[in-house]
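Hi,

Here is the structure I promised to pass on.

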Amino acid sequence: MKSKLAILMCGAALAATGVQAQDAKMADSMTIVSWGGAYQKSQINAYAEPYKEKHPEVEIVWDESSNEAVAKLRAMNEAGNITWDLVDVVAADAIRLCDEGLAMEYDPDELLAPAPDGTPASEDFGDLIVSDCYIPQIVYSTTFGYRTDMVGDTPPTNICDVFDLEKYPGKRALEKRPINNMEWALLCDGVAKGDVYDVLETEEGQARALAKLDTIKDQVIWWSSGADTPQLLADGEVVMGSTYNGRLFSLIEEQNQPVAMLWDAQVFDLDGWIIPAGLPEERLARVKDFLMFATDTQRLADQAKYISYGPARSSSAPLVGKHAELGIEMAPHMPTDPANAKNTFLYNYTWWADYRDDLDAKFQAWLAQ
């Protein structure tokens, strides 16, 4: 452990770095890549607009291509033309990008602000820094929403209700990728939670998961954007569908749609930033200045005022309060709330970093059949 003096010196050094960053030559524009929808809106409200108030000279351009980040960064690197400055990705994609040298490694205690009490960022974020290139922002989950007016008198309570077309007839919405779908399929084919990834490593296990998905395939609308399922639910085109818990919160609490959450077997994951490797000096200086501000304790707590994702910093959690507009307490809407987390599934991002490319190809081939 660092001494109190060392921690205070660290904070002073970081503060001095911030002053120097203001004096350094920085780009006057920045392209940030995110996911669109309610999540991107929460980022804009919590830290992009406040940053622009401090730096009105900076133009922030948003690109909603995070679901294609790995492929696009690979292509940019091959072409020698990196047009993105900061990219929001899930942890597994960050690990892949870091391993391939497409994301920049960083020192948390140099790049990120300490907690208000002086705790270094490396300790405040702790184990959520799952890669040398990854700057975590939030803990979220992928779960299901369902139309309360389309499920009769016995709403779904179990993840395997998704596969029960007799009890709950109608279309489902599932993401157009293997992640989460393969795990849920195996769980509902009788595989114990702790054995899912061991089974999924095998050819037989992969075939078993796809066979289970085959049982509902002709009743699935496949989505690519996190905004798709909320819209499908709002329009009554699906009886239930998977998406990110924050999108469902927005649909239910902000839009007052007849939708409820199925928290069972919600899949916990992380979302955060990577800096593309090889940025020019002025663009990198701007990104660093933005990140020092956007990832501090207050800013991550502020994000939870707009969307029901848990902040990645320990020091932010006690500051989470009420929704900025609705005035409702946000803690009960977090995926980590005890009432919502009775049966969770922990997403193995390191496993998916190793197997993603192969299973993506297999899954897309299965979809085309």
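The lining of the largest cavity has six nonpolar, no polar and two charged residues (Ala, Val, Leu, Ile, Met, Phe, Trp, Tyr, Cys and Pro count as nonpolar, Asp, Glu, Lys and Arg as charged, the others, Gly among them, as polar). Bear in mind that this is a predicted model, where local features need pLDDT of at least 70 and side-chain atom pairs pLDDT 80 or more, while totals for chains, interfaces and linings use all residues. Numbering runs from 1 along each chain as its sequence is written, and side-chain values use heavy atoms, without hydrogens and water.

That lining is made up of Trp35, Tyr39, Ile138, Tyr140, Tyr244, Arg247, Asp271 and Tyr309, around a space of about 80 Å³. By cavity I mean a set of points on a 1 Å grid over the protein atoms alone where a 1.4 Å probe fits but cannot get out, and lining residues have an atom within 4 Å of a point. Points are joined across faces, edges and corners, and the volume is the space filled by probe spheres set on them.

There are two cavities of 30 Å³ or more.

As for the helices, Glu203, Gln206, Leu210, Leu213 and Asp214 of α9 meet Leu359, Lys362, Phe363 and Trp366 of α14 (contact is heavy atoms within 4.5 Å; helices are DSSP runs of H or I, at least four residues, numbered from the N terminus). Those contact residues divide into five nonpolar, one polar and three charged.

Cheers

Key. 1 Å grid on protein atoms, 1.4 Å probe; cavity = no way out; pocket = protein on both sides within 12 Å on 5 of 7 lines; lining within 4 Å. Helix = DSSP H or I, 4+ residues; strand = E, 2+ residues; numbered from the N terminus.
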